[in-house]
Amino acid sequence: MTDSTSLAAETSTLLARLGVPAAALGGGELEARSPIDGRPIATLSLTRSPAASIEAAHAAFLEWRDVPAPRRGELVRLFGEELRAAKADLGRLVTIECGKILSEALGEVQEMIDICDFAVGLSRQLYGLTIASERPEHRMMEVWRPLGVVGVISAFNFPVAVWAWNAALALVCGDSVVWKPSEKTPLAALAVQALLERAAARFGPAPQNLSTVLIGGAATGQELVDHPMAALVSATGSTAMGRAVGPRLARRFARALLELGGNNAAIVAPTADLGLTLRAVAFAAMGTAGQRCTTLRRLFVHESIYEALVPRLRQAYASVVVGDPTDPATLVGPLIDGDAFEAMRAALARAETDGGRVLGGERIAMQQAPAGFYVRPALVEMPAQTGPALDETFAPILYVMRYSRLDEAIRLHNVVSQGLSSSIFTNDLREAERFLSGSDCGIANVNIGPSGAEIGGAFGGEKETGGGRESGSDAWKAYMRRATNTINFGRSLPLAQGVTFDLG
């Protein structure tokens, strides 16, 4: 494992290579720590005036909205090139700062590249409609116009990709972007901002402050949410955070795009391919140390195959490699911090009280990282879906339960308050279709796990997940305003619905 001194030094080197100015680091109030060893890797100054940054972003929007959309797409294309060139360094920084294994961190950067490619094509496809008018010599059309300043509040677990889902679309749609990253992962945000500034320098004349980063905690995020010039705020985080953000935006009639919690489940039916299921469940439940919003947290296994699958799961949980996320052999890195570990311990204690049989969940001591929170993922066999199984705990805990009838499994699947992602494993077409129509989630899959979504589809969920949609499909419409236009190209003035108003 890398020692803390060399980890801080490597972070400094990576930031310099990625273009972050030295003046942005050192001597500030915010201490950035790596979950790899729990020790500081940099200090940063807090943003002194978020309001001034938002106002500057609004001025940039007023210029940017007049740039033709395909030209705006060129900036995003150049940004994608910068990401390709910096993929290894940015991926390494993500691993150091949030603790996900290097393969996943590189995949997160690839996700940024992919959404840039998507957005470049989109810049020539911001389609409206032509609508038949009932009036002669009139034409109606529906068009999409740039919206304004887009605020992005991102979480630690995907410190760069979620911003890119929003920013790549917002930029081609003609908006400016103000980003408040998690205070647990501010360094990756500064690095991404530096790469975008490199792209802007190659692009030519682009407005100053087209993209801005706000460094701070909850109070800084609140300023962004409350500012009247932030036309849309896309906020990713807990349901509790969404309950605070949503009403504040509603009070000033601003748009909210909320991506909140997910207590995601999968159903394993009698005809499932158990080898495929095992691999899919293992990644979905243990990947990113259980710290994805789409992490698999509940598993309903048909009683006829329970004893064929669950012992194999126990073996996988007992043997999965937990350790330094920079080591290619590691599959599960550390939790983000001690609070995450305490939440995991509390959930497991509640599960045992409810009759759960717990395998794993213990903290693993790392000699070179005594302040790091490494845990063995926990497999909990529950007699029923009660207690902590009904709550989202942001840690690698999988609650396993038996079922006998598919309709009952779907009902139990839907009973939780969130509705983000879901899966069924089956080779029965009828079962698959019943599940797809019965799941109340924004994402429903067959024979893959609930995590690891591609950028081509709209990402988001229902109920307490917030209802927002980001990334692909027609999610771009959230970043624009719709206008219906009627053009009279004749010399008379017929009124709609046959109304007459004759002045004589």
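E259 counts as buried, because its relative accessibility is 4%, where buried means under 20% relative accessible area, exposed over 50%, and partly exposed in between, using a 1.4 Å probe and protein chains only. The model is predicted, so that local features need pLDDT of at least 70 and side-chain atom pairs count only at pLDDT 80 or more, while totals for chains, interfaces and linings use all residues. Residues are numbered from 1 along each chain as its sequence is written, and side-chain values use heavy atoms, with hydrogens and water left out.

The UniProt record, an unreviewed entry, places the feature "active site" at E259; UniProt positions are given in the numbering used here, feature names are shortened, and annotations may be inferred rather than shown by experiment. E259 lies in strand β9, which covers residues 255–259, with helices (H or I, at least four residues) and strands (E, at least two) taken as DSSP runs numbered from the N terminus. Apart from neighbours within four places in sequence, the residues in contact with E259 include A235, T236, G237, F459, G460 and E470, contact meaning heavy atoms within 4.5 Å.

Over residues 29–482 the chain is 40% helix and 22% strand, and the end C-alpha atoms are 42 Å apart.

Side chains of opposite charge can pair when their charged atoms come close. A search of the whole structure finds 27 salt bridges, each being a side-chain nitrogen of Lys or Arg within 4 Å of a carboxyl oxygen of Asp or Glu. Three of them are set out below.

| Salt bridge | N to O distance |
|---|---|
| E82 and R202 | 2.9 Å |
| R292 and E104 | 3.2 Å |
| K180 and E183 | 3.2 Å |

E82 and R202 form a salt bridge that links distant parts of the chain, with E82 in helix α3 (residues 69–98) and R202 in helix α6 (residues 186–203), 120 residues apart. E82 counts as buried at 11% relative accessibility, whereas R202, at 45%, counts as partly exposed. E82 and R202 also belong to a network of salt bridges that links them with E74, R77 and E81.

R292 pairs with E104 in a salt bridge, and this pair likewise links distant parts of the chain, 188 residues apart, with R292 in the loop between α9 (274–286) and β11 (296–302) and E104 in helix α4 (residues 102–122). Both R292 and E104 are buried. In the salt bridge between K180 and E183, K180 counts as buried at 5% relative accessibility, while E183 is partly exposed, because its relative accessible area is 34%.
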